[in-house]
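Take a walk through the structure below. Keep the sequence at hand as you read.

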Amino acid sequence: MVFFLHPHVERIQTGVLVFDAAGLGLFCVSGTTKAYSYGLNLTASATLGLATAVGGGVLRDVLANEVPSLLRWDRDLYAVPAIVGATMVALCIRYDALTPLTSGLAVVTAFVLRLLAMKFHWRAPRAWNRRSTVTEE
């Protein structure tokens with residue numbers, strides 16, 4: 001269907017990205033809580049929550065035969081909102097404050113951060129382009 005209707009699909013790109021941002025928020029929270037419930041420590045749980053959240057977008061880009069936007073420096077923040085959401089969940093677990101309300105707050109925080117990154121084109125800082133002072137032998 002997309003092969004024949006690609007002009008129409010291009011018009012809904014913003015909607016797709018908004019739903020992707022919602023999925024990012026949901027999966028960073030659910031991935032972190034599920035990993036912790038299976039016995040991982042908080043750091044590993046947050047890391048797995050991050051991987052769960054960004055994995056869907058990476059898979060989408062790979063199936064579309066594109067370089068994953070997670071790996072491109074010229075794309076808006078993608079992993080940072082997921083890191084924030086997963087860290088919020090890990091901290092709530094640590095301090096026994098994980099409730100449906102705090103989980104929802106983590107989802108909304110990751111979602112809103114991703115939307116703001118898309119709106120204002122926030123990007124992660126890049127390393128400086130300095131030449132090495134080491135000479136080769």
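What follows goes from charged pairs to a helix pair and then to a surface patch.

This is a predicted model, in which local features need pLDDT of at least 70 and side-chain atom pairs count only at pLDDT 80 or more, while totals for chains, interfaces and linings use all residues. Residues are numbered from 1 along each chain as its sequence is written, and side-chain values use heavy atoms, with hydrogens and water left out.

Start with the charges. Side chains of opposite charge can pair when their charged atoms come close. The structure holds 4 salt bridges. A salt bridge here is a side-chain nitrogen of Lys or Arg within 4 Å of a carboxyl oxygen of Asp or Glu. One of them joins Asp20 and Arg60, at 3.0 Å from N to O. This pair links distant parts of the chain: Asp20 lies in helix α2 (residues 13–37), Arg60 in helix α3 (residues 42–63), and they are 40 residues apart. Helices are DSSP runs (H or I, at least four residues), numbered from the N terminus.

How covered are these side chains? Asp20 is buried, because its relative accessible area is 15%. Arg60 has 30%, so Arg60 is partly exposed.

Arg60 also meets Asp61 in a salt bridge, at 3.2 Å from N to O. Asp61 counts as buried because its relative accessibility is 6%.

Another salt bridge pairs Asp76 with Arg123, at 3.9 Å from N to O. It too links distant parts of the chain: Asp76 sits in the loop between α3 and α4, Arg123 in the segment after α5, 47 residues apart. Asp76 has a relative accessible area of 17%, so Asp76 is buried. Arg123, at 41%, is partly exposed. Salt bridges that share partners join Asp20, Arg60 and Asp61 into one network.

Now turn to the helix pair. The axes of α4 (residues 79–94) and α5 come within 8 Å and cross at roughly 165°. Therefore α4 is roughly antiparallel to α5, a label for angles over 145 degrees. Axes are lines fitted to C-alpha atoms over the stretch in contact, and angles run from 0 to 180 degrees between N-to-C directions.

Val108, Val112, Leu116, Phe120 and Trp122 make a nonpolar patch of about 420 Å². Nonpolar patches join side chains within 5 Å, from residues with over 30% relative accessible area and no salt bridge. Val108 lies in α5 (residues 100–120). Val108 counts as partly exposed because its relative accessibility is 47%.

Notes. Patch = residues over 30% accessible without salt bridge, like charges linked within 9 Å, V, L, I, M, F, W, Y side chains within 5 Å. Areas by Shrake-Rupley, 256 points an atom, 1.4 Å probe, with all protein chains shown as cover. Helix = DSSP H or I, 4+ residues; strand = E, 2+ residues; numbered from the N terminus. Buried < 20%, exposed > 50% of the residue type's maximum accessible area, 1.4 Å probe, protein only. Parallel < 35°, antiparallel > 145°, perpendicular 65-115°, else oblique.
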